[in-house]
Every structure is written in C-alpha cells, then in structure tokens.
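Student: I've got this one loaded in the viewer. Can we go through it together, piece by piece?

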Amino acid sequence: MRYVPVNQLRRGMVLGRDITAAAGQVLLPRNTEFNEENIAYVAFLGVPGVHVDDEFSRDVEIREVVKPELLTGTVRTIHEFYDLTGDKKTANAPAEKKMLKGVESIVDSILSEDSVMYNMSELKTYDDYTYFHSANVAILSGILGSRLGLSRESLKNLIMAGFLHDVGKLFIDPQLLNIPRRLTESERIRMMDHPRKGYEFLKEHYDFPEEVLETVFSHHEWFNGSGYPRGKAGEDIPIGGRIMKVADVYDAMTTKRPYHPAFLPSEVMEYIMARSGLEFDPQVVDIMSQEICVYPVGCEVELSNKRRGIVVENHRGSILRPTVKMLDNDEEINLTEDKSAFRLTITRLMV
Ligand SMILES: [Fe+2]
C-alpha cells in the first residue's frame, strides 16, 4: 500500500483503505477502483491524499500504533461527545462511558505496539477538523507519554485529556474560531480563555481525575512561561500539558487550516526543535525527534540524485533517513545504514 496525493490519483488505481467521515460513515470503501467521477469526489471531500494498493507497493506494509479502525471509532466517539455537549452544555454519561472505553483501547495499542513509530499519514478532512485533531493529539500524546515512561493510569488521563483538550472552544463564538486572518488583540484574549473554560466545564459536570483537568487547563502553556492562560513555566506545568503542547502544535501545523497551509512533517519537526526550551519542553522534543516518521511509510519521496522511491521503513532515532524503495528498479536504499547512500538526502516529499 502507498499514499498518493489526490492530484496524482489516476484511473484504475485501487483504494487501499476506507475513507470515512468523523460521524463514522464510509464515504468510499476500500477496493474501489478510481475513475474520473470518484477522483472528483475525493477532491471535493478535501482530503489531501489516499492510500492505494498497486503492484509496486503490494509488499509495503504500513504499521500504525493505532489501527485505522480504532482511529475512526475514536473520532466518531469524540464527535458524539462534542455534539451532545455543544447542544446542551451539560454532562453526558453515555458519551463519557464510550470515551473511557476508547481510552482503554488506545492505551492497550500503544503499550503493545511499542516498537512502532508514529506514522500518522491518515486522512484529515477539513470539515471534521476538531474531531480528527482531538483524536490525533490524544494518540500522539499517549505515544510520547509512554516513551517517557508514564504509568498506565497517567497515560489514560493523558489520552482522555487529548480527547477533551479543546472542549472549551464550544463556549467561544464559532465565528471567532475560523477567522482566516491574524486575530486582533481582543479576539486573541477571548480565544485564549478556552483552556480555562474547558477546565471549568469538565470540573463542574464530570468526575474526571485532576490530572485530566490540569492537562486540559495547561495545553497552551509555554516551557519558558510565555504561554496561557496561567503563564506557568518549566516543571510547574504538569507533564501532561507539556506533552500535549507539542502534540497539539504538531497535528495543527501538519493540517490545512483556514489561516495556514498544511506544513510538511519535516518542517514542523524543524519548527518544534528550534523552539525547544522556549515553547516546548526539551525532554518531550527529544523523544519526539526520535519517534515521529517525518517521511511516513508508503509516501513517495525524491532523493538528491533526482531518483524517486517509496518509503518502506523508518528507523527510530534517525527520522530523516528512512529506507526507500526506488521506483525505477525496486532497489531498497537504507539511508541510515548503506554506506553508498551517505551523500544522498531526501529533497522532496510528494504530498
Ligand atoms: Fe487549544
């Protein structure tokens, strides 16, 4: 299986994974053969790319810590929770119970797949941003937390906080959330209140552990104290908040939003590393820089010798130098270990 950007989809290619909406319905089932009509439909959905099965990539196995079905189920659960909360602004026990089940499944996946790196190349549909984003933030935070040695209980709290981290935005004017420009000072101040609003709502209506509430409250704090809403710094920020800060920025920046394009994973990683110690906790950045597949398996890349290939394997701790299977002759080049490849670099990710 490999990942193909929508603008490079061609007739006859075969969809390798279902495309689903946040509410859970399958928009296009796997094994669908592409034609002009369904290519136009996929472009209309706003997804940046899809996974296809073809002769060349049949043996390329994409392993993810959290399986696509579990991700889809999680997104659906978060969607339900936000919908019900948004209408009534009160607690909803059934939705909470479902989320707790989702948390258990994700923790189990993370702890059992600890050899798998974070290979998030899943589709992100623009309209369903909040739900996909919350699920991704929860999963990435959970992976980072587990690699940092958090207990199972703390991981559960971290993942639940990931689901809920932006629940305070339900109490902010929806128009303000999607303004496609820089916010004015007064708009920014209103927006910056969402961690507190989320914290207060959850505290009043639910019985979540303090660790969940504190993580929600502190997901926009900066390591150097310049964040909001409380301006906490260093280890005064709960570890969950320091982890979630990184996961939140990573997922938001790699997704197309009204006010910015989708940045490449490598670009975002560079941003995060440059701001280690300022915005982000250095120990979290350190783990992240070993763990993220900035060139996800299944993606096409171009090398500095102009040859193109598909990423077939990532190497922990050497995230810029995966193994690439060349399109022209099926040769596999391990950019980390092959001595003949030391002078080669990846110059482009086809997205
Ligand atoms: Fe937020």
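Student: Let's start with helix 11 and helix 12: is their crossing left-handed or right-handed?

Tutor: Keep in mind that this is a predicted model. With that said, look at where helix 11 and helix 12 cross: the handedness there is left-handed.

Student: And are helix 11 and helix 12 roughly parallel or roughly antiparallel to each other?

Tutor: Two packed helices are described by the angle between their axes and the distance between the axes. Here helix 11 covers residues 265–274 and helix 12 covers residues 282–291, and their axes come within 10 Å and cross at roughly 155 degrees. Angles over 145 count as roughly antiparallel. Helix 11 and helix 12 are therefore roughly antiparallel.

Student: Which residues in helix 12 do Met269, Ile272 and Met273 of helix 11 meet, and how many nonpolar residues does the contact have?

Tutor: On the helix 12 side, Met269, Ile272 and Met273 meet Val285, Met288 and Ser289. Sorted by class, this contact of helix 11 with helix 12 has no charged residues and one polar residue, and its nonpolar residues number five.

Student: Moving on to the sheets, what is the strand order in the five-stranded one?

Tutor: This is an open sheet with antiparallel pairing, and its order is 9-8-7-6-10. Strand 9 (332–334) and strand 10 (346–349) each have a single partner strand, so one side of each has no neighbour in the sheet. From one strand to the next, the twist averages 40 degrees. Reading across, then, you get 9-8-7-6-10.

Student: What about the three-stranded sheet: which strands stand at its edges?

Tutor: That sheet is open too, with antiparallel pairing and the order 1-5-2. The two edge strands have a single partner each, so one side of each is left without a neighbour; they are strand 1 (2–5) and strand 2 (14–15).

Student: In strand 5, what is the bridge partner of valine 14?

Tutor: Strand 5 covers residues 49–53 and runs antiparallel to strand 2, with two bridges joining them. The partner of valine 14 in strand 5 is aspartate 53.

Student: Last one: what distance separates the centres of domain 1 and domain 2?

Tutor: The protein is divided into domain 1 (2–53), domain 2 (68–291) and domain 3 (300–349). Taken over C-alpha atoms, the centres of domain 1 and domain 2 are separated by 27 Å.

Terms used
Residues are numbered from 1 along each chain as its sequence is written. This is a predicted model: local features need pLDDT of at least 70, side-chain atom pairs count only at pLDDT 80 or more; totals for chains, interfaces and linings use all residues. Two strands pair if DSSP finds at least two bridges between them. Helices (H or I, at least four residues) and strands (E, at least two) are DSSP runs, numbered from the N terminus. Axes are lines fitted to C-alpha atoms, for helices over the stretch in contact, and angles run from 0 to 180 degrees between N-to-C directions. Domain bounds come from an automatic or database domain assignment. Angles under 35 degrees count as roughly parallel, over 145 as roughly antiparallel, 65 to 115 as roughly perpendicular and the rest as oblique. A crossing is left-handed if the near helix is turned anticlockwise from the far one by less than a right angle, and right-handed if clockwise. Two residues are in contact if their C-beta atoms, placed from the backbone, lie within 7 Å. Ala, Val, Leu, Ile, Met, Phe, Trp, Tyr, Cys and Pro count as nonpolar, Asp, Glu, Lys and Arg as charged, and the others, Gly among them, as polar.
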